[in-house]
Amino acid sequence: MKNTYITKNHGETLRLAKSLGPYLKIGANLLVDGALAAGKTVFAKGLGEGLKIKATVKSPSYTLLCIYEGRLPFYHFDAYHLNNINDFYELGFDEYLKDGVVLIEWASVISDGFPGGYIHVEIEKGEAEDEREITFSATDDFHRDILEEWQRHEDSCL
Ligand SMILES: Nc1ncnc2c1ncn2[C@@H]1O[C@H](COP(=O)(O)OP(=O)(O)OP(=O)(O)O)[C@@H](O)[C@H]1O
Ligand SMILES: [Mg+2]
């Protein structure tokens, strides 16, 4: 299974994330990590397109959560301003898990104690200015199956 993809620009990250959208199921969690301006929100926008969300997916860094309706409900979180998983619970955010597709930016803040499996998406800057290395891994069979289905169908085109 291919784990790491190199994207050469913003558009390629959008396209990569969009291509995953059709394979997501209710209860899918994507925990996204990467430095400031790595491309976490760009990835979320692409995923939103892949979920057929018509609204523009924006960064929830101040609002903490944006909710969209597409093929499935899409819950887009930013954990940058949280301290740990307890804050996630205190804000009642766990109620959204299992109800749609969840994507969390700055996920390492809350991944310790996160209640459930997930796809970990790590975005690192590459050598060239606009290059990014995007690595996918799954923590359980449910999420592993999603990644494998996606890659079986999409590998020839990515
Ligand atoms: N290959 C690439 N993939 C994604 N974004 C890229 C790429 N190359 C350049 N960029 C640029 O990097 C920036 C990524 O911004 P984005 O808001 O997605 O980052 P972020 O990781 O969400 O940051 P923050 O930590 O502020 O939430 C955008 O300006 C985008 O155009
Ligand atoms: Mg962001």
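**Entry 1: the shell around ligand 1**

I looked up which element gives most to the shell around ligand 1, and helix α2 gives the largest share, three residues. Helices here are DSSP runs of H or I with at least four residues, strands are runs of E with at least two, and both are numbered from the N terminus. I note that this is a predicted model, in which local features need pLDDT of at least 70, side-chain atom pairs count only at pLDDT 80 or more, and totals for chains, interfaces and linings use all residues. Residues are numbered from 1 along each chain as its sequence is written, chains are lettered from A and ligands numbered from 1 in the order in which they are written, and side-chain values use heavy atoms, with hydrogens and water left out.

I found 16 residues around ligand 1, the closest being H10, T13, K40, T41 and D130. A residue is near a molecule if one of its heavy atoms lies within 4 Å of it. By type, the shell holds six nonpolar, six polar and four charged residues. Ala, Val, Leu, Ile, Met, Phe, Trp, Tyr, Cys and Pro count as nonpolar, Asp, Glu, Lys and Arg as charged, and the others, Gly among them, as polar.

**Entry 2: contacts of ligand 1**

I then went through its polar contacts (pairs of N or O atoms within 3.5 Å). An N or O atom in the side chain of T13 is 2.6 Å from a nitrogen atom of ligand 1. The backbone takes part too: a polar backbone atom of A38 is 3.2 Å from an oxygen atom of the ligand, and a backbone N or O atom of T41 is 2.8 Å from an oxygen atom of ligand 1. Ligand 1 taken alone exposes 640 Å², of which the protein buries 76%; these areas come from the Shrake-Rupley method with a 1.4 Å probe.

**Entry 3: the magnesium ion**

Which residues donate to the magnesium ion (ligand 2)? I found T41 (OG1) and E105 (OE), 2.1 to 2.2 Å from the ion. T41 belongs to helix α2 (residues 40-50) and E105 to strand β5 (residues 101-105), so the pair ties together parts 64 residues apart in sequence. Donors are N, O and S atoms within 2.8 Å of the metal (3.2 Å for Na, K and Ca); water is not among the atoms, so the site may look incomplete. Both T41 and E105 are buried, that is, under 20% relative accessible area (1.4 Å probe, protein chains only).

**Entry 4: the whole chain**

I counted four helices and seven strands in the protein chain. Of its 158 residues, 51% count as buried. The C-alpha trace spans about 40 × 30 × 30 Å along its principal axes.

Notes. Buried < 20%, exposed > 50% of the residue type's maximum accessible area, 1.4 Å probe, protein only. Polar contact = N/O pair within 3.5 Å; in protein donor to acceptor, adjacent residues only side chain to side chain.
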